[in-house]
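Let's take a walk through this one together. Have the viewer open and follow along as we go.

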Amino acid sequence: MGKTILVVDDDPDVRSFVVTVLEENQYTPLVACDGVEGLEMILKHQPDLVILDVLMPRGSGIRLYRQLKTDDALKTVPVIMFTGIALRSFLKSQKALEEFKGEKVPEPDIYLEKPVEPQELVDAIRKKLA
Amino acid sequence: MSTNKILIVDDEQAIVRLLSMSLKSDGYDTCTAASGEEALDVFEKQSPDIVVTDIKMPGMDGLELLKRIKDLDPDKEVIIVTGHGDIDSTITALQYGASDFINKPVRDEALAIALERAQTKIRIREQLASYTQDLEEKVAEATVEIRRKSNFQRLLIHSSHDAIVAFDQDWQIVVYNPEAARIFEKRPRNVLNKMTIDELYPPQLAAFFRSEAKNKVHDRGEMPWKEMILETRNNKQIPVRYATSALHEKEEFMGIVNFFQDLTEIKRLEKELIQSERMAAIGQTVSGLAHYVKNILIGLKGGSYVVNVGFQNDNMEKIKTGWRTIQKNIERVANLTQDMLTYSKERTPEVELCSPNEIVTEVKDLVLDVAAANDIEITTRCDPDLGQMWLDPGTVHRALLNLVNNAMDACLQEEDPDRRFKVEIRTGKTDDGAAVFEIEDNGCGMDDQTRAKLFTPMFSSKGGKGTGLGLLVTKKLVEEHRGTIDIDTRLGYGSMFTITLPERPETGRDENDK
């Protein structure tokens, strides 16, 4: 099996879809249902890439993304945002958080808005892992 | 009052002159006559106030003169001058209305006293006259004022937009204005003082007001406006607001007055407004819906991808997983369609005898799996005395399911890792017999902004996971059941929704039965 990819999404349907796409493309999928569990999995398994939903109960994707990008040990973990939230809204929330917290985090390199064709997702993963 | 004029009558010229001079020196105005006939002549020309006449005169004597003068003007004072011992004449003079007597020979003091008495009488009479006239004027003024006021009140009742019907203590109709004539479709002249309450009102209503009047004998509190469907004797049904007041005078029952406001037009406008608001809401809904439908589409596409992979790899597990996703999203479409239909159509609650507590158990059973999967404890606390009630079980079921699902979502959105999430459903009864349902969670709660938008169409705090229709549909169902929905919430601590549903809401017009 290939590289390990963690899928963090509260929707089981999205998880099973992404997991299937990953398996079909010879990646090793890991899953987490929310931000809290996501962070645990990252620390425990050190995945090669994280596919992260934005809106989730218990530790949103926004929080987890910021946790990753402000932690010296974790900031290099590649992240693909994978969400139903428009990029514009996401960036707006980031900007508000930056002003509030006084720390700046880089914009996500790859931001995929659902719905995403399997090939699109695979292309994004390949690009990120290259 | 000016000095009285005095006519002195005597056939003896010397006496006349003497008296006249004496009186003039006392400040009186005098005139004289030497006989009864002349006296009458002078009387008519000079109109003296007091006549002093000798009783014995040739021709017309003093008695005859007295009689004539009193005939002409009974207010004139006539003093008779008599000789000693002439009792018979004195009595006759009294009968004719003489005011006083003086004896001959006339002494100044006696005359002065008699004149003074006569003057006092005149003064009192004048005062009385002026007082009487005053009184008459005042009565006339008051009468005009009363007539004006009564006219004003009559006009007020006549032109009132409320129908006003009043009954006297025998339940006869004494006030019946044009608006009442319009509502009851009977002419005032056939009704006023001719009909009783039982001939105008349908039996139920008449009985109701009769009993209402009895209740009001001891309690003067005004009855608040109430609504009902008025069924007239012509079998028309008119939605009205009505109020009634028992009238009392010094604790005694005088009658009763009823006011009716025809709500037909208001009800129609209300209906139109609600309908158009709902249509506008549906319009706003379209963009929100597109978003939600897109999410369903994502689910369906993802699901079918997983199923395809399963087929390609002969992997039954994948096929099952993908199929579950597809089924779940079909379910979401079905629910959405039903919500939309429920929200856009007007619906009368289908009331039947049902057990609220049983419905609570059904709803609890439905959500138990999802709750367990998310570590949420569902508890119920049902009032065992609730029993069977006349409610629309569909409304109860739908409303409870929506609210319990919301409550569980609120638990999932709360980020406190140590909290043990709980949703409790409780039932009970209000004092006036309505069913009460409470759904309480200890989830994330709401801020004021979210709370304010709670019943706005397509407002959802659940991202793409909510349609924004759930609470709207719930509210609509509850209101169609003439119930209420209330929210008590605190951000970070949880929410409690309370639904109150009165029994048999579609039979409101039968409220008077009870």
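How much area is buried between chain A and chain B, and what percentage do carbon and sulfur atoms give? The answer is about 1800 Å², with carbon and sulfur atoms giving 52%; buried area here is the accessible area (1.4 Å probe) that two parts lose on being put together, summed over both. Before going on, some ground rules: this is a predicted model, where local features need pLDDT of at least 70 and side-chain atom pairs count only at pLDDT 80 or more, while totals for chains, interfaces and linings use all residues. Residues are numbered from 1 along each chain as its sequence is written, chains are lettered from A and ligands numbered from 1 in the order in which they are written, and side-chain values use heavy atoms, with hydrogens and water left out.

Back to the interface. Chain A puts 22 residues into the contact and chain B puts in 23, contact meaning heavy atoms within 4.5 Å. Three salt bridges cross it, each being a side-chain nitrogen of Lys or Arg within 4 Å of a carboxyl oxygen of Asp or Glu. Glu117(A) and Lys301(B) meet through their side chains in a salt bridge, at 3.0 Å from N to O. On the side of chain A that touches chain B, helix H1 (residues 12-24) of chain A gives the most, with nine residues; helices (H or I, at least four residues) and strands (E, at least two) are DSSP runs, numbered from the N terminus. That side of chain A divides into eight nonpolar, five polar and nine charged residues. Here Ala, Val, Leu, Ile, Met, Phe, Trp, Tyr, Cys and Pro count as nonpolar, Asp, Glu, Lys and Arg as charged, and the others, Gly among them, as polar.

Now look inside chain B. The axes of helix H3 (residues 62-72) of chain B and helix H4 (residues 87-96) of chain B come within 9 Å and cross at roughly 5°, so H3(B) and H4(B) are roughly parallel to each other (angles under 35 degrees count as such; axes are lines fitted to C-alpha atoms, for helices over the stretch in contact, and angles run from 0 to 180 degrees between N-to-C directions). Leu63(B), Leu66(B), Lys67(B) and Lys70(B) in H3(B) meet Ser89(B), Thr92(B), Ala93(B) and Tyr96(B) in H4(B).

Over all chains there are 35 salt bridges. Asp75(B) forms one with Arg125(B), their closest N and O atoms 3.6 Å apart. Asp75(B) lies in the loop between H3 and strand E4 (77-82) of chain B and Arg125(B) in helix H5 (residues 108-159) of chain B, so the pair ties together parts that are 50 residues apart in sequence.

Finally, some backbone details. Most residues other than glycine have a negative phi, and most peptide bonds are trans. The bond from Lys114(A) to Pro115(A) is cis, with omega near 0°, and the one from Lys104(B) to Pro105(B) is cis with omega near -5°. Asp314(B), not a glycine, has a positive phi of about 55°; look for Asp314(B) in the loop between helix H10 (264-312) and helix H11 (316-344) of chain B.

Terms used: Parallel < 35°, antiparallel > 145°, perpendicular 65-115°, else oblique.
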